[in-house]
Amino acid sequence: MNCNEAAEFVSALCDGERIPPAAAAHVGECEACRARMREYIEMGAEMRRMASLEFDEEAKPLAWATKRNSISTLWQKGWETMRIPRFAFVALVLGVVALGSTLAVVKVRAHSEGSVVILAVNQSAGEPIKCPLSTVNKNQTLCAAWSPQGKNMVGYEINLLGRDGSRVQLGVRARVYPLPMGAATKYLFSDFAQVEQKDYWFEPGETLHVDVAGSEPLTMTGEWTDHIPPPGALNSNSKLDPGPLELRINSPVLLRDKKVIADWEGAVSTADEANQGVVLAMKDVGRFTFALQPLQGGIKGRIEGNRILFESEGHSYTLLSGVFVARGEDIWILYDPKFKLEDGSTAWNGVFGIRDLLVPATATN
Amino acid sequence: MADDQEIWKKITQGDAQVFDAFYRETAPRLQAFLRQIVGSCEAAEDVAQETYIQIWKQPNGYQPERGSLRGYLYGIGRKRAADWWRKQTPSAEETEEKTEPSRAENSSVMGDALKRLPEEQRSLLWLREVEGQSYAELAAILDIPVGTVRSRLFAAREALRQVWQTGAQTSTRRSL
């Protein structure tokens with residue numbers, strides 16, 4: 001064996017590989033090959049030395065949105081400031097935050113090969129709340145919402161556990177919240193951890209009754225479809241053109257200085273009344289309140305089609321929404337970077353009453 | 001960190017806490033690797049971010065029998081870096097090179113030498129020498145047969161040796 005033939009094995013030796021005896025014998029006796037090996041080793045060490053200078057000590061914090069179908073937690077301030085009856089407000093909030101009617105859904109017949117079940121959970125007021133649950137996508141198997149049921153407010157979390165032919169197994173945790181609502185009442189996903197899960201087999205096309213201690217049962221229907229509809233497509237108000245008072249934020253992504261810092265994938269929030277705003281919160285980023293009216297201490301931003309642009313503390317922000325945001329160009333933003341999510345959630349969104357946050361009418365004249 | 005399979009299972013289940021820990025643990029080294037490919041800190045950070053977002057949103061394709069989760073991460077990162085290059089205009093490439101040298105560049109003959117190698121050789125050497133990836137993992141990351149890894153590594157080492165020696169001699173002459 002000569003040096004040219006042995007060279008590749010010299011390289012392999014540096015990687016801790018075994019080499020043929022003939023190559024090993026040659027390298028043992030050949031000063032040129034041993035010099036080559038020393039060079040390879042030295043190069044490796046030099047690369048590692050250089051790499052040690054390249055490593056950052058810590059990665060920039062990023063927030064990873066929890067993959068829930070509907071993320072809705074009510075903001076305490078909203079309850080204190082609502083003019084409309086609180087009970088009705090709940091229906092309103094959930095009507096727009098959770099997923100709505102069946103427009104634009106490609107339905108498939110029951111007993112067919114659809115992979116998504118659209119559950120419709122009835123509530124006392126407003127349209128049923130729609131929860132799309134996938135039997136194939138593990139990130140789309142959970143749905144949580146709060147809605148009025150008779151004289152109570154009921155919160156529930158539905159988990160798709162499995163499928164057997166045309167029926168699905170659902171794990172449901174539900175609990176009653178006291179009425180009337182106090183200012184301190186909060187709706188937290190972690191509430192469900194304290195509730196025992198009950199499992200049900202459900203055949204889409206039929207009606208399922210879920211017993212809830214201390215309340216009327218939840219009733220739900222469902223149907224098979226072939227896909228998860230895009231965020232907002234299940235809303236009753238699914239026109240492309242926003243209404244006069246509407247502020248729509250669908251599946252938003254937030255950029256700070258052109259870097260993505262938060263992604264509320266699948267979250268749908270539509271404020272469509274005066275004195276309502278949309279709130280988005282993300283772990284390690286903070287809470288943003290958006291409104292089409294001036295907010296006390298708020299930053300004035302600009303709407304450009306499906307984007308909201310604003311600046312805060314020397315940073316430029318762009319919120320990208322999946323739909324056109326509003327008819328006008330003006331928007332106000334309150335940013336609380338110190339806001340902490342209380343229940344271990346990564347993200348949430350919602351529509352809230354903001355009357356107390358608005359700049360008084362006299363001040364705007 | 002916990003076992004790769006366990007971590008992967010939790011990531012596919014959407015466990016943000018586990019994914020965040022994985023991100024914090026691996027991101028600095030991934031960014032250093034990507035800097036070797038794209039040539040600038042800022043672009044490497046962007047590509048790394050896209051890599052993690054891709055894995056978080058579509059966690060599929062990891063096969064434990066083919067190697068470590070870290071190796072899988074580098075494979076995705078390299079593909080994203082290739083996509084990044086495809087999107088660059090010639091003028092943008094020149095700007096990147098000029099405006100943001102890697103941190104150790106000015107003081108490292110090795111940094112200069114590496115830059116003169118083709119991307120695949122640069123990646124191969126970095127993943128082997130710095131990240132300690134096995135031949136099987138390198139094959140998976142670079143999408144080449146395992147049997148080819150040894151010869152490609154040898155070719156890369158030889159190429160680096162030639163460039164490095166030239167660079168070292170140039171430096172010596174300059175300092176005289």
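Predicted model: local features only at pLDDT ≥ 70, side-chain atom pairs only at ≥ 80, totals over all residues.
**Chain A as a whole**

Start by selecting chain A and colouring it by secondary structure. Chain A has 6 helices and 19 strands. Of its 365 residues, 43% count as buried. Among contacts in chain A with a separation of 6 or more, 69% are between residues 24 or more positions apart.

**Helices α1 and α3 of chain A**

Select residues 3–14 of chain A, which make up helix α1, and residues 31–54, which make up helix α3. The axes of these two helices come within 10 Å and cross at roughly 35°. The crossing of α1(A) and α3(A) is right-handed.

Next, show the residues of the contact. On the α1(A) side, display A:Cys3, A:Ala6, A:Ala7, A:Val10, A:Ser11, A:Leu13 and A:Cys14. They meet A:Ala32, A:Cys33, A:Arg36, A:Met37, A:Tyr40, A:Ile41 and A:Gly44 in α3(A). By class, the contact of α1(A) with α3(A) divides into 11 nonpolar, 2 polar and 1 charged residues.

**A four-stranded sheet in chain A**

Move on to strands β1, β2, β7 and β8 of chain A. These 4 strands form an open sheet with the order β2-β1-β8-β7, and the pairing is antiparallel. At the edges are β2 (129–134) and β7 (208–210) of chain A, each of which pairs on one side only. From one strand to the next, the twist averages 30°.

Is A:Leu119 buried or exposed? A:Leu119 counts as buried, because it has 24 C-beta neighbours inside 10 Å, and 20 or more are enough for that label. Leaving out residues up to four places away in sequence, A:Leu119 touches A:Lys130, A:Cys131, A:Leu133, A:Ile158, A:Met220 and A:Gly222. To check one of these in the viewer, take the distance between the C-alpha atoms of A:Leu119 and A:Ile158: they are separated by 9.7 Å, and the two residues are 39 apart along the chain.

**Strand β15 of chain A and its partners**

Select β15 (residues 299–304) and β16 (residues 307–312) of chain A. These strands pair in the antiparallel sense over 3 bridges. A:Arg302 in this pairing stands opposite A:Leu309 in β16(A). Zoom in on the turn: β15(A) and β16(A) form a hairpin with 2 residues between them.

A:Ile331 counts as buried, with 26 C-beta neighbours inside 10 Å. Apart from neighbours within four places in sequence, A:Ile331 is in contact with A:Phe290, A:Leu292, A:Gly301, A:Ile303 and A:Ile308. The C-alpha atoms of A:Ile331 and A:Arg302 are separated by 5.9 Å, although these residues are 29 apart along the chain.

**The contact between the chains**

Show both chains. The contact takes 35 residues from chain B and 29 residues from chain A. On chain B, the elements that each supply at least two residues are α2 (16–38), α3 (41–57), α6 (109–115), α7 (119–130) and α9 (146–175). The largest share of this side comes from α2(B), with 11 residues. Coloured by class, the side of chain B that touches chain A has 16 nonpolar, 9 polar and 10 charged residues.

**Helices α2 and α3 of chain B**

The crossing is right-handed. Residues of α2(B) to display include B:Phe19, B:Tyr23, B:Leu30 and B:Leu34; among those they meet in α3(B) are B:Ala44, B:Val47, B:Tyr52 and B:Trp56. The contact of α2(B) with α3(B) divides into 13 nonpolar, 2 polar and 2 charged residues.

Note on methods:
Residues numbered from 1 in each chain as written. Chains lettered and ligands numbered in written order. Pairing = 2+ DSSP bridges. Axes fitted to C-alpha atoms, helices over the stretch in contact; angles between N-to-C directions. Left-handed = near helix turned anticlockwise from the far one by under 90°. Contact = placed C-beta atoms within 7 Å. Nonpolar A, V, L, I, M, F, W, Y, C, P; charged D, E, K, R; others polar. Buried ≥ 20, exposed ≤ 12 C-beta atoms within 10 Å, placed from the backbone.
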